[in-house]
Amino acid sequence: MAHVRSLFFTGPLDEVENKALKALKLGRPSEIIWNITNRCNLLCDHCYMAADGQKKPEQLSDEEAMALVEQMGEAGVPLLFMSGGEPMVRSNFWDILERARELDIRVTVSTNATLIDRDTAKRLKSLGIDWIATSLYGPDEFHDAMVRVPGTRAKVIDAIKILREEGVGVAIKSAVSQDTWPHVYDLIRETKELDAGLIYLCDLITSGRSEGEDDIRISAEQWRELADFIVEDLLDPESTLEYDIGALPSVIPYIAEKLIARGIDVSRGLERLKIMSACPVGKGHMNINSEGGIMPCQFAQDWVVGNVREMSLMDATSELYKLDEQEAKGACAPEACEYSRICRGCRTKAWQATGDAMEVDTTCILHPERNRGQDEAAAFSDPSHSPATPCGSGGACG
């Protein structure tokens with residue numbers, strides 16, 4: 001995950017990212033994505049969890065879930081993503097959310113939004129929820145076919161409008177594949193029209209229901225086209241949309257190169273990336289599934305390093321930090337790529353493909369054969385390098 005506008009310019013996500021950076025430096029979890037339930041009222045084709053209407057038999061009990069929230073508070077977790085399945089179908093969803101907020105944990109709820117009405121939106125706002133993340137994949141019939149429940153998209157649009165009227169920020173999520181590619185630019189336009197402040201575009205992760213479907217990922221050329229579009233939108237003084245890119249960390253150095261070529265000072269973002277990196281694996285980022293399993297990444301539900309029933313969050317964080325002590329291999333290695341520590345490649349894709357998280361990310365969109373100019377390489381290695389005047393365009397992304 002990488003918030004592009006806030007990374008290279010300025011925006012309201014700076015505050016939470018600074019908190020995550022501080023937690024990382026202190027050896028604490030920087031952010032936790034917690035799938036509080038595997039149950040869901042939809043059956044999305046691409047769901048990496050293969051969520052359905054059934055509760056996992058080993059799901060954390062209500063008491064265990066509340067104890068985990070207390071532990072998050074003690075560990076100083078700055079940011080919690082409550083996800084699922086559909087998190088709002090869990091019976092003690094509101095108890096978890098309210099206690100997390102009492103502990104001053106900033107919470108984003110990742111939901112399909114079909115259960116959100118006016119009263120729900122008001123309650124979320126009263127708890128200080130800044131962002132709700134929900135998914136759109138394309139026009140009505142296409143979206144409903146993807147989630148396998150007719151009428152879903154209309155409910156989502158209604159919920160987004162209600163949330164914005166009540167002052168809750170909305171992030172639109174979409175998996176990017178050959179199926180959804182024809183709709184991506186329309187989704188970006190619609191995100192702006194709906195006054196949603198962020199769009200999360202995630203490369204297809206072939207696990208769960210999409211396991212074995214690597215051939216429906218879009219090409220590197222298509223991702224470069226999309227990244228070029230994002231650069232132009234970032235530099236448009238009329239646009240404030242934040243872009244979050246998932247499961248394709250090489251987009252970030254690609255965009256940085258494009259900004260450098262346009263005379264933009266990206267040194268602030270590069271310095272942050274030297275600490276955090278575009279792939280969050282091993283950087284204080286943690287996923288916890290509904291059964292308490294602890295994973296380096298939410299997209300690899302079988303890459304488990306422990307369980308909250310036997311391992312504390314601080315011990316889990318120490319275990320996950322060990323991944324950052326290792327260097328990537330092959331074309332992703334420091335001696336092969338000047339962006340190795342800035343990008344890191346997608347460690348989950350490497351792990352899924354080979355069983356070795358440090359292997360090459362074969363979905364990199366950069367041109368390894370291109371002889372990058374000395375000035376470009378210097379921008380990523382010399383912290384004092386400032387190629388031009390900072391961008392004057394507005395950076396607000398709320």
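Start by selecting helix α14, residues 347-354; helices here are DSSP runs of H or I with at least four residues, strands are runs of E with at least two, and both are numbered from the N terminus. Within α14, Arg347, Thr348, Lys349, Ala350 and Trp351 are buried (under 20% relative accessible area, with exposed over 50% and partly exposed in between, using a 1.4 Å probe and protein chains only). Just past the helix, Gly355 has a positive phi of about 85°.

The model is predicted: local features need pLDDT of at least 70 and side-chain atom pairs count only at pLDDT 80 or more, while totals for chains, interfaces and linings use all residues. Residues are numbered from 1 along each chain as its sequence is written, and side-chain values use heavy atoms, leaving out hydrogens and water.

Next, select α3 (62-75) with α4 (93-102): they pack at about 15°, with axes 10 Å apart (axes are lines fitted to C-alpha atoms, for helices over the stretch in contact, and angles run from 0 to 180 degrees between N-to-C directions). This makes α3 roughly parallel to α4 (angles under 35 degrees; over 145 is roughly antiparallel, 65 to 115 roughly perpendicular and the rest oblique). In α3, Ala65, Met66, Val69 and Glu70 meet Asp95, Ile96, Arg99 and Ala100 of α4, where contact means heavy atoms within 4.5 Å.

Move to α9 (220-234) and α10 (251-261), which pack at about 50° with axes 10 Å apart. The pair is therefore oblique. On the α9 side, select Trp223, Arg224, Ala227, Asp228, Ile230, Val231 and Leu234; on the α10 side, Val251, Tyr254, Ile255, Lys258 and Leu259.

Now go to Thr120 in α5 (118-126). Thr120 is buried, at 12% relative accessibility. Leaving aside residues up to four places away in sequence, Thr120 touches Met88, Trp94 and Leu115.

Finish at Ser267, in α11 (267-276). Its relative accessible area is 17%, so Ser267 is buried. Display the side chains of Ser267 and Asp265, which make a polar contact at 2.7 Å (a pair of N or O atoms within 3.5 Å; within protein, one must be able to donate a hydrogen and the other to accept it, and residues adjacent in sequence count only if both atoms are side-chain atoms).
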